[in-house]
Amino acid sequence: MGEGVLRERAPRRRGRVLRALLAALITTAVVMPLSGAARPQIPAPPPARFAAPTAATLPQIYAANRADAATASRMAAAHGDVGRARTERALADPSRRLLAFDGRGAGRAVEVFGDLARAQRIAVLVPGSDTSLDTYARFRATATALAARLAAQAPPGTRTAVVAWLGYTTPGTISTTVLTASRADEAAPRLREFVRRLHGVAGRAAHITLVCHSYGSVVCGRAAHGLDVDDIALIGSPGTGAEDVAALRTRARVWAARGGDDWVAEVPHVRADLLVTTVGFGTDPVSPAFGARVFAAGDGGHSDYFRPGSVSLANLARIVLGAQQEVSRA
């Protein structure tokens with residue numbers, strides 16, 4: 001058999017192997033018990049409804065959502081869910097700035113760190129799988145770490161803010177939904193509307209960066225077209241569902257990074273039609289074929305991108321601040 005034929009068959013063989021791995025992941029997700037699948041619904045009030053926020057109405061919105069969090073905390077405590085009650089009680093603290101809150105089910109919350117109305121540089125964090133009110137402290141820690149780094153790196157006079165956007169129901173890490181774009185398709189319109197309202201508060205001149213972690217990068221990929229943001233940073237990404245940056249159809253600069261010890265590097269970066277759905281998210285965002293601006297993230301793992309003092313956190317802050325030339329490349 002000729003060498004050329006062997007070279008031609010090798011990619012096909014690799015493709016079959018990757019598809020087999022995806023099929024195995026689907027099977028595993030189906031047969032393994034899902035965490036929390038049988039958990040009873042936690043009672044909570046329906047979320048407050050507001051007109052599009054403005055700088056003038058932010059204090060009232062924050063206060064109303066804190067009040068809802070306090071009510072939800074009492075309801076969760078009466079229901080016997082001590083952990084949820086504790087989380088919601090913390091969210092109800094007078095110091096918290098909640099743009100949105102919904103204590104029902106897995107829960108949603110959008111929290112602001114900084115003076116949003118006056119901010120010139122805004123980072124919106126879009127989380128990945130297994131992020132809910134029950135794990136919110138972990139997500140909040142990433143936001144506070146980035147906010148602190150921005151405050152330390154920002155030039156004098158530059159005002160910054162960070163928004164922790166838990167605005168969708170994330171998939172479970174061990175579930176079929178984490179392998180498809182279904183949750184991202186539900187989340188994308190919400191993210192687009194949120195960014196539109198964000199400009200209504202901070203003004204059209206505000207520089208907005210999406211920082212999309214893990215499955216959150218699938219959400220950002222689905223929302224990217226027509227989204228009024230300046231930068232999109234994909235970290236620990238399994239893919240976006242797009243084959244390359246051009247397919248995202250965004251005017252934003254697209255960045256990507258992966259830590260040296262991030263397990264997501266082992267995820268097959270393909271898309272395959274299995275049964276009645278498509279699984280996988282296509283091209284690896286840190287590959288040359290994708291075309292993103294790849295930046296250094298150090299040797300950290302999947303949950304280390306916001307670790308204080310890390311290379312990845314410093315670079316994310318530079319991207320948010322518009323210091324493009326200072327971003328260290330991988």
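**View 1. In this predicted model, α2 passes α3 in a left-handed crossing.** Helix α2 covers residues 58-79, and helix α3 covers residues 82-91. Their axes come within 8 Å and cross at roughly 160 degrees. Angles over 145 degrees count as roughly antiparallel, and α2 and α3 are therefore roughly antiparallel to each other. On the α2 side, R66, A69, A72, S73, A76 and A77 make the contact. From α3 come R84, A85, E88, R89 and L91. By class, the contact of α2 with α3 holds 6 nonpolar, 1 polar and 4 charged residues.

**View 2. Helix α4 packs against helix α8 at an angle of about 65 degrees.** Helix α4 spans residues 136-153, and helix α8 spans residues 311-321. The two axes lie 9 Å apart. Angles of 65 to 115 degrees count as roughly perpendicular, which makes α4 roughly perpendicular to α8. The crossing of this pair, α4 and α8, is right-handed. Helix α4 contributes A145, L146, R149, L150 and Q153 to the contact. Helix α8 brings L313, A314, L316, A317, R318, V320 and L321. The residues of the contact of α4 with α8 split into 9 nonpolar, 1 polar and 2 charged.

**View 3. Helices α5 and α6 meet in a right-handed crossing.** Helix α5 runs over residues 182-202, and helix α6 over residues 216-223. They pack at an angle of about 65 degrees, with axes 8 Å apart. The contact draws on A184, D185, A187, A188, L191 and R192 of α5. Helix α6 supplies V218, V219, C220, R222 and A223. In the contact of α5 with α6, 8 residues are nonpolar, none is polar and 3 are charged.

**View 4. The largest cavity of the model has a volume of about 30 Å³.** The count of cavities of 30 Å³ or more comes to 1. Lining residues of the largest cavity include L234, G236 and S237. A257 and R258 also line the largest cavity, as do D284, P285 and V286. By class, this lining has 4 nonpolar, 2 polar and 2 charged residues. Rolling a probe the size of a water molecule over the atoms shows where empty space is left.

Technical notes. Residues numbered from 1 in each chain as written. Predicted model: local features only at pLDDT ≥ 70, side-chain atom pairs only at ≥ 80, totals over all residues. Heavy atoms only, no water. Axes fitted to C-alpha atoms, helices over the stretch in contact; angles between N-to-C directions. Helix = DSSP H or I, 4+ residues; strand = E, 2+ residues; numbered from the N terminus. Parallel < 35°, antiparallel > 145°, perpendicular 65-115°, else oblique. Left-handed = near helix turned anticlockwise from the far one by under 90°. Contact = heavy atoms within 4.5 Å. Nonpolar A, V, L, I, M, F, W, Y, C, P; charged D, E, K, R; others polar. 1 Å grid on protein atoms, 1.4 Å probe; cavity = no way out; pocket = protein on both sides within 12 Å on 5 of 7 lines; lining within 4 Å. Points joined across faces, edges and corners; volume = space filled by probe spheres on them.
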